[in-house]
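This report describes the structure shown below.

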Amino acid sequence: MAQWDWLVRPEAPYTWRFARNVVIKALILFVLLNALFALLNPSALVGRLSAYNVLLPGRDRLPYGENPDQSYNLSLNNLDAMFSAHQIAGTPKAADEYRVLLIGDSSVWGVLLKPDETLSAYLNAAQYRTASGQRVRIYNLGYPIQSLMKDVLLLQYAMRYQPDLVIWMVTLESFAPNQQLESMLVRANPDLAHRLIAAYHLKIDPSDPRFSVPSLLDRTIVGQRRPLADVLRLQLYGATWSITRIDQRYPKFYEPHMENFSENFGRDVTWQGFQPQPLTTDNLAFDVLEAGRGVVGSVPLIIINEPIFISSGVNSDVRYDFFYPRWAYDAYRQLLPAAQIIDLWNLISSDQFTDSAVHLTPAGSRQLAAKVGELMMQTANAAQQHR
Amino acid sequence: MTLVSIVVFGIGAALYGLIVPARWRGWVLLATSVVAIYWLQPASPVRPVDFVLPTATLVLGVIGWWLTRPDSTLDRDSAFTLGLIGVAVVALSALGGLIGLTASPPPNVLEVVFTLVLVTAALVSLAALVPDRVRTLTLFIVLILIIFAILKVDTLALALSHWLRARTGRVLHLAAMSDVQWLGFSYVAFRLIHTLRDRQTGKLPPLSLREYVTYLIFFPAYTAGPIDRAERFVKDYRALPGLDAPRAVEGVSRIVIGIFKKFVIADSLALFALDAVKASQAQTGSGLWLLLYAYSFRLFFDFSGYSDIAIGLGRLFSINLPENFDRPYLKTNITAFWQSWHITLSTWARFYVFTPLSRYLLSRPHKPSANLVVLICQAATMVVIGLWHGITPNFVIWGLWHGVGLWLHKLYTDRTRTYYQTLSERPRLRRAISWGAALLTFHFVALGWVWFALPDVNLSLNVLRRLFGG
């Protein structure tokens with residue numbers, strides 16, 4: 001067949017020597033390319049080569065997915081690839097745009113919420129304008145796992161997009177010292193994390209074994225094959241996402257958040273290794289919060305303690321919900337005013353939570369957006385007045 | 001085939017070609033193929049189905065050979081082959097589970113021996129009862145088609161799964177078609193029918209049992225073709241030179257190209273290729289077109305990549321399997337497309353459906369018009385090809401789509417032959433028409449894939465409507 005003539009009718013007959021030379025050259029090339037890749041570490045460049053915002057529309061929220069086949073989304077740890085896939089990377093800041101970044105956990109990202117039901121979506125739908133007439137545009141940079149360190153990592157990257165205001169949704173769980181390295185995003189970006197730790201003198205141990213410090217072999221193409229494949233798959237899933245606008249699996253049935261607590265669990269008053277004791281800014285990750293303030297610099301920052309589900313079920317005298325025994329959460333709330341954190345803990349009624357004590361229904365999300373919108377505009381207008 | 005199995009077969013081919021003495025190569029190829037069909041068979045939750053199915057393939061092969069052999073004697077080579085197959089099956093039942101050659105722990109050795117003896121006795125008795133070879137050949141073809149139908153019709157496969165689960169004490173409500181996934185049977189069936197029909201028409205050359213069974217289950221082509229012809233296969237099989245440099249380079253090159261096409265390009269396109277779920281989720285017509293294009297190219301790269309791997313492995317084992325694809329999406333008409341897409345399947349269908357049917361219709365006393373004969377034969381042939389993929393209304397419609405398309409193309413060609421002959425003096429116009437024709441042909445085929453990709457008629461109609469703005 002003519003299409004295979006180049007293979008089966010070579011200019012000179014193939015010999016074992018030819019085959020040997022091809023294999024040797026291929027091996028040398030393979031080793032060289034891998035070595036070059038390891039030395040140059042082009043992960044950032046690879047992450048920025050994105051079909052999003054060029055061939056495909058940018059995503060409404062950062063890529064995250066535990067079942068890619070159904071959600072057309074996947075989790076990866078390459079910050080450049082993540083942000084390149086987000087609409088913010090493809091939206092040059094307009095002259096009349098008042099840009100707001102929204103940072104937080106899975107409740108901000110919008111677990112079980114469609115892209116137009118998230119906090120940022122409702123805020124955008126309200127079409128706020130500042131007193132000076134600028135269009136307020138909010139970008140959802142929330143990401144699952146409650147960890148202030150994860151938030152700061154994302155925030156530091158996101159500052160390149162010139163925000164005018166940052167809204168940071170936090171909860172007690174994000175402050176737990178154990179949680180700071182819980183996010184794979186932090187562990188897989190040890191250089192960035194170490195820089196933050198050094199710059200802001202954080203109480204996180206840079207030699208913590210949970211940091212994934214790649215060896216030379218890990219940095220080769222072979223070692224990076226999975227992350228590289230994930231970047232490629234993210235582009236391909238982008239096609240499906242843009243066609244279906246599905247970026248999350250929406251199960252027909254989900255396990256609702258816990259309302260009643262069994263005797264064992266209900267009477268368990270420990271929280272993240274803490275027994276009932278005074279919680280202070282020292283034994284919680286308030287240093288990371290301050291690092292976040294340092295990262296945003298002079299950009300106005302609103303920090304909000306997000307609403308939680310408050311149980312009235314069995315053993316609710318001991319626990320507010322799955323996450324928090326009462327003593328811990330009450331102690332945490334005592335620290336909020338001094339840290340200039342706006343407390344909206346009980347804003348949303350108990351029937352507006354879904355599968356977790358922080359995940360809201362669309363109605364709950366809308367209600368939160370109304371309040372956050374108020375705070376946002378107060379701060380935005382005040383900031384513009386002071387300029 | 002997985003990447004692991006391809007690498008294993010590739011290494012095996014190198015060892016085979018370089019180490020195995022010439023007089024043993026045929027035997028090694030047979031033994032390797034016998035082991036391979038057990039290794040490749042996917043696991044079934046219903047034990048010991050994944051052991052029974054490859055064994056059944058071998059039994060069908062032995063029966064097929066018995067019915068197609070030119071005389072009634074059992075020559076020494078064939079007797080030894082029969083013994084070797086029996087020993088291999090027993091050995092696999094004893095050791096296969098231990099060394100991971102069978103998908104799940106095989107049945108007890110004594111059970112296997114007893115069953116083989118019983119089956120052999122039954123077949124020998126049947127052979128004595130049915131002396132009319134021609135009628136027996138036909139009955140065997142019918143049996144193959146019945147097995148085919150049971151495996152391909154959802155309700156029948158499900159009923160079989162229920163029955164198997166009931167007999168083996170498995171949970172009944174978990175019955176599924178996948179319980180009886182008989183790897184490679186579609187291709188085995190066509191190879192069997194080809195030899196049986198050629199025996200009936202006197203075209204099949206004499207084959208030993210070893211040649212016949214190796215042809216039937218030659219492992220590189222076992223799961224997804226190409227569908228070789230016995231007489232062509234046997235020519236290579238009887239020669240089996242060792243591995244030389246040209247064959248090694250060509251074989252490995254084809255395998256590498258096939259791996260890239262299948263595991264890189266096709267598997268990437270699969271992430272946004274048309275399927276029932278994405279079809280119902282797509283928000284726009286243009287999105288559906290993108291899904292359809294992705295499906296069209298995914299199908300091509302997956303299938304042609306697989307064929308490249310099979311052909312490459314075949315080359316390493318000194319078997320020159322036939323080509324299966326020849327740039328089909330660049331063809332300028334549907335007839336040329338079907339001469340370049342899954343070539344061995346369309347050739348098989350031409351030999352065993354189109355030609356006999358057209359001969360029959362043309363030989364009738366009140367024969368239909370030539371055009372009607374072509375329409376009936378084209379449609380019937382393509383419907384058979386459709387049903388071979390799956391026995392559902394969608395595959396019937398897909399077959400009719402192409403059958404009518406082929407017929408329309410024939411009518412068009414007959415009417416415009418003279419005009420196209422004048423185009424040799426107008427190369428630019430000819431080129432423009434070629435490009436237009438290729439685009440039209442591609443889209444005709446792509447729209448046909450809607451029926452192929454989706455499981456039911458309503459969804460397919462809905463997608464077609466939305467593709468055109470409905």
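## Domains of chain B

The domain assignment divides chain B into domain 1 (21-239), domain 2 (245-316) and domain 3 (328-467). The model discussed here is predicted. Between domain 1 and domain 2 of chain B, the C-alpha centres are 29 Å apart.

Contact between these two domains involves five residues of domain 1 of chain B and five residues of domain 2 of chain B. On the domain 1 side, four of the residues are nonpolar and one is polar, while none is charged.

## A helix pair in chain B

Helix α16 (residues 370-389) and helix α17 (residues 393-422) of chain B have axes that come within 7 Å and cross at roughly 150 degrees. The crossing of α16(B) with α17(B) is right-handed.

Residues of α16(B) in this contact include B:Val374, B:Leu375, B:Gln378, B:Met382 and B:Ile385. By class, 15 of the contact residues are nonpolar, eight are polar and one is charged.

## Overall build of chain A

Chain A contains 16 helices and five strands. Its C-alpha trace spans about 85 × 50 × 45 Å along the principal axes. Of the 387 residues in chain A, 40% are buried.

Among contacts in chain A with a separation of 6 or more, 81% link residues 24 or more positions apart.

## The sheet of chain A

The five strands of chain A form an open sheet with parallel pairing, in the order β2-β1-β3-β4-β5. Strands β2 (135-140) and β5 (341-343) of chain A are the edge strands, each pairing on one side only. With direction ignored, neighbouring strands of the sheet are turned by 25 degrees against each other on average.

Strand β1 (residues 97-103) of chain A runs parallel to β2(A) and is joined to it by six bridges. In this pairing, A:Val100 stands opposite A:Ile138 of β2(A). Four bridges connect β1(A) and β3(A), again in the parallel sense, and A:Ile103 faces A:Trp168 of β3(A) across the pairing. Strands β3(A) and β4(A) also run parallel and are joined by five bridges, with A:Ile167 opposite A:Ile302 of β4(A).

Helix α8 (residues 148-158) of chain A lies across β1 and β3 (165-170) of chain A, and runs at about 155 degrees to β1(A). Helix α16 (residues 362-386) of chain A also packs on the sheet, where it touches β1, β2, β3, β4 (301-305) and β5 of chain A. The direction of α16(A) makes about 145 degrees with that of β3(A).

How many residues of β3(A) are buried? Six of the six are, so β3(A) is largely enclosed by the rest of the structure. In a regular strand, side chains alternate between the two faces of the sheet. In β3(A), both faces are covered: A:Leu165, A:Ile167 and A:Met169 are buried on one side, and A:Val166, A:Trp168 and A:Val170 are buried on the other.

## A partly exposed phenylalanine

A:Phe265 belongs to helix α13 (residues 263-266) of chain A. Is A:Phe265 buried or partly exposed? A:Phe265 counts as partly exposed because it has 13 C-beta neighbours inside 10 Å, whereas a buried residue requires 20 or more.

A:Phe265 and A:Asp282 are separated by 17 residues in sequence, and their C-alpha atoms lie 27 Å apart in space.

Methods:
Residues numbered from 1 in each chain as written. Chains lettered and ligands numbered in written order. Predicted model: local features only at pLDDT ≥ 70, side-chain atom pairs only at ≥ 80, totals over all residues. Pairing = 2+ DSSP bridges. Helix = DSSP H or I, 4+ residues; strand = E, 2+ residues; numbered from the N terminus. Axes fitted to C-alpha atoms, helices over the stretch in contact; angles between N-to-C directions. Contact = placed C-beta atoms within 7 Å. Buried ≥ 20, exposed ≤ 12 C-beta atoms within 10 Å, placed from the backbone. Domains from an automatic or database assignment. Nonpolar A, V, L, I, M, F, W, Y, C, P; charged D, E, K, R; others polar. Left-handed = near helix turned anticlockwise from the far one by under 90°.
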